[in-house]
Structure formats: structure tokens, C-alpha cells
Amino acid sequence: MSTADLLSIEPLELKFPFELRKQISCALQLSNKTDNYVAFKVKTTNPKKYCVRPNTGVVLPRSTCDVIVTMQAQKEAPPDMQCRDKFLLQSVNVNDGASAKDITAEMFNKEAGHVVEECKLRVVYVSPPQPPSPVREGSEEGSPPRASASDNGHANAAEFAAAAKQFSEGLEAQDKSFEARALITKLTAEKNSAIQQNNKLRQELELLKRQSSKSGSSVSFMVVILIGLIGIIMGYIMKK
């Protein structure tokens with residue numbers, strides 16, 4: 001922190017977590033420890049690269065003001081991640097009740113006799129925060145941790161094999177279900193056919209019974225044969 005008479009500045013280095021093609025911002029806090037109104041102005045050696053909001057303003061007595069510095073997205077990284085850009089923060093006492101609209105460039109002109117404090121700030125590039133590494137967990141105390149999905153590809157291969165097995169079992173189950181439905185359909189058709197034949201034989205049997213009194217023993221013999229056939233058919237139906 002700067003220990004200037006007018007404004008204290010925190011931090012004195014503008015640290016940007018540098019990433020290509022990404023706009024990055026950092027904040028400055030200006031603290032006025034005096035009982036006077038203090039105007040400030042922020043300059044940079046590379047104005048096209050940075051946006052400062054606000055770049056001028058007034059800090060009230062015993063109060064603070066935040067300044068946001070935004071670096072535009074960069075297409076290339078500097079050699080060795082070193083940056084030579086600098087900022088200059090100027091501050092000067094102004095009349096009580098002054099506001100940002102009252103600030104002029106003349107206020108910060110030392111040659112005009114104004115007492116102007118200056119503080120230089122440098123830019124530092126830092127590595128962006130890294131995402132946390134996956135935590136390996138053990139199923140029981142003393143057991144080895146379970147390998148993550150990136151451990152030599154073994155976990156991915158195991159997951160693929162398990163999925164393939166599950167898919168194969170699903171197809172097999174579908175095939176068995178189809179075969180079972182086909183068998184049931186076939187048996188049902190055979191049963192219906194046998195029932196139809198049985199009904200036909202019953203009709204013929206009734207006809208023969210009515211003729212038995214007229215035809216004698218030969219007809220009775222045919223009736224016995226038909227009864228035997230009906231018994232065989234009924235036994236077949238019961239088995240189905």
C-alpha cells in the first residue's frame with residue numbers, strides 16, 4: 001500500500017491472471033485519510049490495451065473509491081510472460097464539494113503551481129488459477145484408491161466393456177422374449193386347431209348315435225373308434 005499524503009493505493013501492482021483471448025480485470029482501492037476532497041486521474045503507457053473506470057474522480061474525506069482496470073483480450077502472450085506496461089495515478093487537493101465533473105487537466109499541471117502527488121503502478125501477469133485435481137477415494141479404510149477415468153485409460157476401457165456387455169445381454173433377452181412369444185403363438189394355433197377337430201368329431205358322433213338304431217352293430221363299432229379318437233385328441237389338448 002502506498003503511504004502518500006493524499007491517497008493510499010492498494011495494491012501497487014496490477015496483477016492480471018493472463019489468458020489468451022479473454023478480457024481480464026483487476027481492482028484498485030483508493031483511500032482518502034485526510035479531511036479534504038481529493039481528485040485523482042489515472043494514466044497508462046498503453047491506453048489502447050486497457051480500460052480504466054473511472055479514470056478520473058473525487059474521493060471524499062475519510063472515504064474510499066474503487067477503480068476497475070480491464071485489459072482487453074490478447075491474441076499473443078508476451079515473451080516470458082513479462083509486461084512493461086505501467087500506470088500513473090495522480091492526486092491533488094480540490095475545493096470542498098467538488099465532483100468528477102469539476103475535474104480539469106489543468107488541476108494536475110505541476111508547472112502551473114499545483115501540488116500533485118504521483119504514484120507509479122506496474123503490471124504483472126500471473127498464471128490463472130488451476131482447476132482442482134480429482135480426488136481419489138478408497139471404498140474402505142486401508143483399501144487402495146479407485147483409479148480415476150484418466151489412469152492409463154483402464155477405467156474408460158472397463159466402462160466401455162461393461163456397457164457393451166449390458167447391451168449384448170439386452171439383445172439376448174429380447175431374442176429370448178421373441179422366441180417365447182413365437183412358441184406361445186404356435187401352441188395356441190395348434191390348440192385351436194385341435195379344438196376345432198374335436199368339435200367336428202363330436203358333431204359326427206352325434207350324427208352316428210342318431211343313426212345307430214338303424215344301422216346295427218357296424219355303426220356301433222364306428223362310434224367306438226370315434227370315441228377313442230376324441231379321447232386321444234383331448235389328451236393332446238390337455239398336454240398343451
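1. Ser8 is buried, with a relative accessible area of 9%, which puts this residue under the 20% limit for that class. The model is a predicted one, and in it Ser8 sits in strand S1, residues 7-10. Between Ser8 and Thr64 the C-alpha distance is 9.2 Å, although 56 residues separate them in sequence.

2. Overall layout. The chain holds nine strands and two helices. Read from the N terminus, the order is β-β-β-β-β-β-β-β-β-α-α. Of the 240 residues, 27% count as buried. The accessible surface amounts to about 16900 Å², and carbon and sulfur atoms contribute 54% of that. Among contacts with a separation of 6 or more, 68% are between residues 24 or more positions apart.

3. Aromatic pairs. A pair of aromatic rings is described by the distance of the centres and the angle of the planes. The chain has three aromatic pairs. One of them joins Phe16 and Tyr50, tilted, with 5.9 Å from centre to centre and 40° between the planes. Phe16 belongs to strand S2 (residues 13-17) and Tyr50 to strand S5 (residues 50-53), so that the pair links distant parts of the chain, 34 residues apart. Phe16 counts as buried because its relative accessibility is 0%. Tyr50 is buried too, at a relative accessible area of 6%. Phe16, Tyr50 and Phe87 make up one aromatic cluster.

4. A further pair is formed by Phe18 and Tyr125: the ring centres are 4.8 Å apart and the planes stand at 45°, so the pair is tilted. This pair also links distant parts of the chain, with Phe18 in the loop between S2 and strand S3 (24-32) and Tyr125 in strand S9 (residues 117-126), 107 residues apart. Both Phe18 and Tyr125 are buried.

5. Salt bridges. Side chains of opposite charge can pair when their charged atoms come close. The count here is five salt bridges. In one of them, Arg122 meets Glu13, with the closest N and O atoms 2.8 Å apart. Arg122 lies in strand S9 and Glu13 in strand S2, so this pair ties together parts that are 109 residues apart in sequence. Arg122 is partly exposed at 45% relative accessibility, and Glu13 is partly exposed at 25%.

6. Arg62 and Asp35 form another salt bridge, at 3.0 Å from N to O. Arg62 is in the loop between strand S6 (56-59) and strand S7 (63-71), and Asp35 is in the loop between S3 and strand S4 (37-44), so the bridge ties together parts that are 27 residues apart in sequence. Arg62 is exposed, with a relative accessible area of 56%, and Asp35 counts as exposed at 56% relative accessibility. Lys22 and Glu19 also meet in a salt bridge, at 3.4 Å from N to O. Lys22 counts as partly exposed at 40% relative accessibility, and Glu19 is partly exposed with a relative accessible area of 30%.

7. UniProt lists residues 184-211 as "coiled-coil region", in an unreviewed entry. In the model this span is 100% helix and 0% strand, and its end C-alpha atoms lie 41 Å apart.

8. Surface patch. Ile225, Leu229 and Ile232 form a nonpolar patch on the surface, with about 270 Å² of accessible area together. Leu229 is in helix H2, residues 217-239. This leucine counts as partly exposed, at 38% relative accessibility.

How values were computed:
Residues numbered from 1 in each chain as written. Predicted model: local features only at pLDDT ≥ 70, side-chain atom pairs only at ≥ 80, totals over all residues. Heavy atoms only, no water. Patch = residues over 30% accessible without salt bridge, like charges linked within 9 Å, V, L, I, M, F, W, Y side chains within 5 Å. Areas by Shrake-Rupley, 256 points an atom, 1.4 Å probe, with all protein chains shown as cover. Salt bridge = Lys/Arg side-chain N within 4 Å of Asp/Glu carboxyl O. Helix = DSSP H or I, 4+ residues; strand = E, 2+ residues; numbered from the N terminus. Buried < 20%, exposed > 50% of the residue type's maximum accessible area, 1.4 Å probe, protein only. UniProt positions renumbered as here; feature names shortened; annotations may be inferred. Contact = heavy atoms within 4.5 Å. Phe/Tyr/Trp six-rings, centres within 6.5 Å; stacked < 30°, edge-to-face > 60°.
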